[in-house]
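Please read them beside the sequence and the structure, which follow.

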Amino acid sequence: MKQARPFGVETILLSESYDRILAEDIYADRDYPPFNRSAMDGYALRFKDIEKNKEFRLVGEMLAGGLIKSLKEVGSCIKIMTGAPVPEGADLVIRVEDSELKDGMVKFKSLPYRIWQNIAIKGEDAKSGEMVLHQSTIINASTSGLLASLGRNNVRVYSLPKVSIISTGNEIKAVEDSVLPHQIRDSNSYTIASFFQHYNIDIASRKLVSDRREEIKSAIESLKNMDILILSGGVSMGDADFVPEVLTECGVKAVFHKVQIKPGKPLWFGVRDNKTVVFALPGNPVSCQVSFKVFIEPFLRACFGLPPCQTIKLPLTSIRKKKSTFEEYFPCTLGLFGSQTGLHQIKNNGSGDFTSITRSSGLAIHPAEVEELKEGDFVEFIPWRGI
Ligand SMILES: Nc1nc2c(c(=O)[nH]1)N[C@H]1C(S)=C(S)[C@@H](COP(=O)(O)OP(=O)(O)OC[C@H]3O[C@@H](n4cnc5c(N)ncnc54)[C@H](O)[C@@H]3O)O[C@H]1N2
Ligand code: MOO
């Protein structure tokens with residue numbers, strides 16, 4: 001995480017900012033609501049008059065958007081619509097359905113009225129100058145609406161990183177290619193690109209290369225201006241697993257190689273010229289997905305000042321025996337466990353399987369020190385689409 005830093009800051013139109021991440025704190029430009037606002041269609045009056053008066057003289061009408069009036073006469077009321085400014089002097093709005101209007105006089109049902117009833121008081125939502133959104137807030141539907149209310153047609157957001165993906169492997173073909181029995185279509189670059197799209201990040205380029213050192217090298221060299229470079233395949237112990245060596249030859253300084261988790265163990269991470277961070281992922285599709293959720297996503301979020309995705313503790317609906325000495329991540333789907341939501345394990349034969357993982361809602365964690373998880377044991381769960 002030491003390598004995590006923002007990719008710059010830019011000012012963009014609010015209309016184009018959905019799902020981007022704020023790079024500034026946002027303050028209220030005025031009180032919200034900016035005036036005492038009626039929450040109902042009805043009559044505005046003085047609370048202290050309601051005890052003494054049986055009937056109120058109707059002296060005017062307030063529509064939303066009308067200039068603020070004042071209520072001067074004792075025992076009078078002003079008809080008011082939802083959203084309209086409550087006249088100065090009034091501190092109670094009684095709903096139209098609790099009233100009766102006859103010959104310019106209004107009678108109200110005898111109910112237990114409260115002072116300020118049906119009125120949103122000036123500044124009760126936010127005071128002028130108060131911080132209403134923190135830097136590193138994701139601009140979603142409600143924050144977008146708030147920014148519009150504050151008159152923020154332009155917002156400062158974190159710039160998005162330039163990301164490229166290189167898929168390595170003699171057997172790897174493009175999705176549009178026909179394949180021979182020994183060949184495999186590249187799926188990892190699509191998986192990784194989709195994950196990045198959760199953060200509005202489009203992939204700058206996607207390359208397929210064989211296991212030949214020179215080919216891997218020239219692909220890496222051609223992507224020097226990237227902020228993030230992702231490679232898949234060729235990081236393990238095989239005779240054609242040259243990726244770590246070639247990355248080092250290209251001047252990418254290794255930070256670590258191999259992690260204490262399964263799947264995803266052979267992951268390699270390095271940095272070039274203090275600019276490009278490089279994740280070289282294991283080729284197996286499930287390992288690749290786990291690597292994104294466990295390493296790339298937390299890194300990306302830290303760059304934007306976001307906390308790691310929230311994990312949820314949920315009970316397992318069946319036992320699970322550990323297969324290694326490492327912490328294990330296993331795909332699960334959410335389902336009912338008695339009357340409570342629980343995690344159903346998805347059967348898969350290993351990290352090379354594609355189809356079963358598509359039925360999962362996320363990954364559950366089997367701690368390294370626990371040999372067997374029992375039915376009903378609570379485990380950490382990371383949903384595929386983080387919160
Ligand atoms: N002797 C050892 N062998 C292996 C070890 C080990 O510790 N000792 N680790 C295993 C583990 S764990 C993993 S994970 C894999 C990772 O190997 P690589 O990163 O070198 O990946 P490849 O060998 O290139 O490919 C593995 C697998 O994934 C398929 N693949 C590769 N790229 C793609 C892609 N873009 N789209 C779809 N599928 C892809 C590839 O065809 C292979 O089937 O190593 C174990 N071996
Ligand atoms: O780490 Mo490998 O990713 O177990 O299949």
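1. Ligand 1 sits in the largest pocket, where sitting in a pocket means that more than half of the molecule's atoms lie within 2 Å of its grid points. A pocket is found on a 1 Å grid over the protein atoms alone, as an open set of points where a 1.4 Å probe fits, with protein on both sides within 12 Å along at least five of seven lines. The elements that give two or more residues to the shell around ligand 1 are β13 (163-168) and β15 (184-185); strands are DSSP runs (E, at least two residues) and helices likewise (H or I, at least four residues), numbered from the N terminus.

2. Before going further, please note that this is a predicted model, in which local features need pLDDT of at least 70 and side-chain atom pairs count only at pLDDT 80 or more, while totals for chains, interfaces and linings use all residues. Residues are numbered from 1 along each chain as its sequence is written, chains are lettered from A and ligands numbered from 1 in the order in which they are written, and side-chain values use heavy atoms, with hydrogens and water left out.

3. Which residues come nearest to ligand 1? Of the 23 residues around it, these are Glu171, Asp186, Ser187, Gly234 and Gly283, a residue being counted as near if one of its heavy atoms lies within 4 Å. By class, this shell has six nonpolar, 11 polar and six charged residues, with Gly counted among the polar ones.

4. A backbone N or O atom of Asn188 lies 3.3 Å from a nitrogen atom of ligand 1, and a backbone N or O atom of Val235 lies 3.1 Å from an oxygen atom of the ligand. From Asp241, a polar side-chain atom lies 3.2 Å from an oxygen atom of ligand 1. The protein covers 72% of the 880 Å² of accessible area that ligand 1 has on its own, as computed by the Shrake-Rupley method with a 1.4 Å probe.

5. The space taken by ligand 2 is also described as the largest pocket. Around ligand 2 are Lys262, Pro263, Gly264, Lys265, Pro266, Asn284, Ser287 and Ser351.

6. Pro263, one of the residues around ligand 2, is joined to Lys262 by a cis peptide bond with omega about -15°, and Pro263 lies in the loop between β19 (261-262) and β20 (268-272). The peptide bond from Tyr32 to Pro33 is cis as well, with omega near -5°, and Pro33 is found in the loop between β2 (26-27) and β3 (37-38).

7. The unreviewed UniProt entry carries the annotation "domain: MoaB/Mog" for residues 164-302, and such annotations may be inferred rather than shown by experiment. Over residues 164-302 the chain is 32% helix and 28% strand, with the end C-alpha atoms 19 Å apart.

Technical notes. Polar contact = N/O pair within 3.5 Å; in protein donor to acceptor, adjacent residues only side chain to side chain. 1 Å grid on protein atoms, 1.4 Å probe; cavity = no way out; pocket = protein on both sides within 12 Å on 5 of 7 lines; lining within 4 Å.
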